[in-house]
Amino acid sequence: DELIAVLKPMSNNNSRDLDIIRELLKRINDYSVRLSNENKGNELFTNAVKTTNYDWVVCQQYSKYLLENGRYESSFSWANRAMEQNRGSTSLQHQKGNILFKWARALKEAGENEKANEKIEEAKKHFAKSRMASVPNEYGFVTHLDMLIYLIEHSSDDIEKANLFAEGTRL
């Protein structure tokens with residue numbers, strides 16, 4: 001409640017306030033700070049989003065928070081909202097790929113292989129886009145390889161494993 005009270009009088013018109021809000025949310029995510037309950041976390045982030053008029057960094061941090069709580073669809077939606085504000089961001093492309101990869105893993109664990117495969121294909125596209133900047137985003141490369149390793153380790157089909165291995169060597 002105290003953090004929410006601190007945010008309410010802040011404004012995105014004040015660059016210092018915006019920096020404070022961005023850093024606060026980043027630290028909550030970086031250190032996996034757990035608030036009293038998930039509703040308080042959502043309340044904090046939605047207040048921050050409104051206070052900053054949907055600042056792209058704040059939307060990105062909310063997306064990361066939701067991802068850590070296994071809320072993949074909402075996380076992806078907030079990453080899209082952040083992309084609306086910063087279309088050229090390679091880190092947001094990477095984040096979208098990462099969300100889709102984690103979502104696919106959850107779907108595979110639930111036995112929903114077809115949906116999982118769709119998410120994996122979509123994730124690959126976002127990882128590729130994240131590496132297309134003038135200064136390539138190394139995170140997209142590493143996470144794409146991590147995803148391929150996971151898929152190889154969890155596949156029982158030798159042909160699929162060979163195709164995934166070939167994809168990894170092309171990267």
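**Exercise 1. Classify tyrosine 54: is this residue buried, partly exposed or exposed?**

Solution. Start with the value: tyrosine 54 has a relative accessible area of 30%. Next, apply the cut-offs: buried is under 20% relative accessible area, exposed is over 50%, and partly exposed is in between (1.4 Å probe, protein chains only). Tyrosine 54 is therefore partly exposed. Now place the residue: tyrosine 54 is found in the loop between helix 3 and helix 4. Helices (H or I, at least four residues) and strands (E, at least two) are DSSP runs, numbered from the N terminus. Last, the backbone: phi of tyrosine 54 is near 65°, a positive value in a residue other than glycine.

The model is predicted: local features need pLDDT of at least 70, side-chain atom pairs count only at pLDDT 80 or more, and totals for chains, interfaces and linings use all residues. Residues are numbered from 1 along each chain as its sequence is written, and side-chain values use heavy atoms, with hydrogens and water left out.

**Exercise 2. Describe asparagine 53: where is this residue found, and is it buried or exposed?**

Solution. Asparagine 53 sits in the loop between helix 3 and helix 4 (56-68). Its relative accessibility is 53%, so asparagine 53 counts as exposed. Its phi is positive, about 55°, although asparagine 53 is not a glycine.

**Exercise 3. Summarise the protein chain: how many helices and strands does it have?**

Solution. Count the elements: there are nine helices and zero strands. Read from the N terminus, the order is α-α-α-α-α-α-α-α-α. Then take the extent: the C-alpha trace spans about 60 × 40 × 25 Å along its principal axes. Of the 171 residues, 40% count as buried. Finally, look at contacts (heavy atoms within 4.5 Å). Among contacts with a separation of 6 or more, 56% come from residues 24 or more positions apart.

**Exercise 4. Work out how helix 2 and helix 3 pack: what is the angle, and how far apart are the axes?**

Solution. Two packed helices are described by the angle between their axes and the distance between the axes. Axes are lines fitted to C-alpha atoms, for helices over the stretch in contact, and angles run from 0 to 180 degrees between N-to-C directions. Helix 2 and helix 3 (residues 38-51) pack at about 155°, with axes 11 Å apart. Now classify the angle: under 35 degrees is roughly parallel, over 145 roughly antiparallel, 65 to 115 roughly perpendicular and the rest oblique. Helix 2 and helix 3 are therefore roughly antiparallel. Ile21, Leu25, Ile28 and Asn29 in helix 2 meet Leu44, Phe45, Ala48 and Thr51 in helix 3. The residues of this contact divide into six nonpolar, two polar and no charged. Here Ala, Val, Leu, Ile, Met, Phe, Trp, Tyr, Cys and Pro count as nonpolar, Asp, Glu, Lys and Arg as charged, and the others, Gly among them, as polar.

**Exercise 5. Examine aspartate 17: which residues does it touch?**

Solution. Aspartate 17 lies in helix 2 (residues 15-30). Its relative accessible area is 9%, so aspartate 17 is buried. Leaving out residues up to four places away in sequence, aspartate 17 touches Met10 and Ser11. Aspartate 17 and tyrosine 62 are 45 residues apart in sequence and 17 Å apart in space, C-alpha to C-alpha.

**Exercise 6. Compare directions: are helix 6 and helix 7 roughly parallel or roughly antiparallel?**

Solution. The axes of helix 6 (residues 90-109) and helix 7 come within 8 Å and cross at roughly 165°. The two helices are therefore roughly antiparallel to each other. Their contact residues divide into nine nonpolar, nine polar and six charged.

**Exercise 7. Study histidine 126: which side chain joins it in a polar contact?**

Solution. Histidine 126 is found in helix 7 (residues 113-130). At 9% relative accessibility, histidine 126 counts as buried. Residues touching histidine 126 include Phe76, His94 and Leu100. A polar contact of 2.7 Å joins the side chains of histidine 126 and glutamine 93. A polar contact is a pair of N or O atoms within 3.5 Å; within protein, one must be able to donate a hydrogen and the other to accept it, and residues adjacent in sequence count only if both atoms are side-chain atoms.
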